[in-house]
Each structure stands twice: as structure tokens, then as C-alpha cells.
Amino acid sequence: MAGLREVMTFSFCSPMIERMMGANSQLPSAWVVKCKKCGCTITCRAIDPQLEHSQPDKADPPPRDSVIVSCACCWTAFRYGPSEIFKGGPCPSNNCREHKDGNNKEAKKANNAILIAASLIAAVRLNREEIKSSPAVSSKIADCIRLAEMIEARLRQ
């Protein structure tokens, strides 16, 4: 149940939800980090505000070890040290390209086209192979995405 609560808190506190709810909404504070790619403030570890209020001595301390956090905005994962973790609310960055381009329909169409093309290329290349999580399959998928991006770039010329 604790894992489910953390997942629910993470999705509630993600920058995507923050954008839909508006910048002035009051989201619960959490242990957060600044994304190294887009600059959005993202949840690292959720905090139970009721526990912190009712029993402050049992409040969760910040993580003492490095953690790997995936950004809900740009979907990149980075390792963050204890000095980079702070208490705050998740929110999108003003410099975030994903946030600025959120309403750009042409960019969304191009990303959808790349996804479809990469999926088709991967399906052809992995036709007779067992689909399982392995470095070989991950490498072929990455190659398919690069090939689809090259095709899309060539079409734009």
C-alpha cells in the first residue's frame, strides 16, 4: 500500500498535472530536485503532510544517498546527490522546452510521426527475435528512433 501511495502522490505532483491545475494551485511539499535537462522541479520522494503535522519527530528526513529520478516532463533520468535534494513543491520551469512547446501542434505531430515510424522500423527489425528487456533489444530500439528522426529531418528539408 505504501508503494501505491507514493505512485499516486508522484502522479498528482508531476509537472504535467501542475500545468493542468494552474501555477497557483497548492500542491503538497515533497523532497524535490531540479531536473538537469529541463529545469523543472520534480518530486524525488513524497512526504505525508498529516504525519509531519501530527508527529514531526517521525517525519521522513531527506534521502542520504544518491537517487535516480525520472522527470515527468522531459522523461529523462539523472542521478542526484543528497546536496541537490530540497523540500519544496513540484512545478514546471520557465525555461523548459517541453513546457513552452506544450501547445505547439506541429511539434506534437512530428513527435507522433517519429513514434509511429520508429515503432514500424522496430517491428520489422525485431520480427523474429524474442522481445525481452536486453541490451541488444534496447540498442535496436535506439537505432530505430535515430533512423526515424533522420527520416523526419530529411522530409523537412
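Student: Ok, what does the accessible surface of the chain come to?
Tutor: About 11000 Å², and 55% of that belongs to carbon and sulfur atoms. Keep in mind that this is a predicted model.

Student: And what share of the residues count as buried?
Tutor: Of the chain's 157 residues, 29% do. Here buried means under 20% relative accessible area.

Student: How many helices and strands are there?
Tutor: You'll find 6 helices and 5 strands in the chain. Going along the sequence, the pattern reads α-α-β-β-α-β-β-β-α-α-α.

Student: Which strands make up the open sheet, and in what order?
Tutor: There are 3 of them, in the order E2-E1-E5, with antiparallel pairing. Strand E2 (41–45) and strand E5 (86–88) are the edges, as each pairs on one side only. From one strand to the next, the twist averages 60°.

Student: What actually holds strands in a sheet together?
Tutor: In general, strands of a sheet pair through backbone hydrogen bonds, and they can do that parallel or antiparallel.

Student: Back to this one. How many bridges join E1 to E2?
Tutor: 4 bridges, with the two strands running antiparallel. E1 and E2 also form a hairpin, with 6 residues between them. Look at Gly-39 in that turn: its phi is positive, about 85°.

Student: And E1 with E5, how many bridges there?
Tutor: Those two pair over 3 bridges, in the antiparallel sense. Ala-30 stands opposite Gly-88 in E5, for one.

Student: What about Trp-31, which residue is its bridge partner in E5?
Tutor: That's Lys-87. Over in E2, Trp-31 stands opposite Arg-45.

Student: Why is E1 described as largely enclosed by the rest of the structure?
Tutor: Because 4 of its 5 residues are buried.

Student: New topic: which residues touch the most other members in the largest nonpolar core?
Tutor: Cys-35, Cys-38, Ile-42, Cys-71 and Tyr-80, out of 15 residues in that core. The elements giving two or more residues to this core are strand E1 (30–34) and strand E3 (67–70).

Student: Where do I look for another core, and how many residues has it got?
Tutor: It lies apart from the largest one and has 8 residues, including Ile-114, Ile-121, Ala-122 and Ala-148.

Student: Last one: what share of the contacts join residues at least 24 apart?
Tutor: It's 58%, counted among contacts between residues at least 6 apart in sequence.

Notes. Residues numbered from 1 in each chain as written. Predicted model: local features only at pLDDT ≥ 70, side-chain atom pairs only at ≥ 80, totals over all residues. Heavy atoms only, no water. Core = buried A, V, L, I, M, F, W, Y, C linked by side-chain atoms within 4.5 Å. Buried < 20%, exposed > 50% of the residue type's maximum accessible area, 1.4 Å probe, protein only. Pairing = 2+ DSSP bridges. Axes fitted to C-alpha atoms, helices over the stretch in contact; angles between N-to-C directions. Contact = heavy atoms within 4.5 Å. Areas by Shrake-Rupley, 256 points an atom, 1.4 Å probe, with all protein chains shown as cover.
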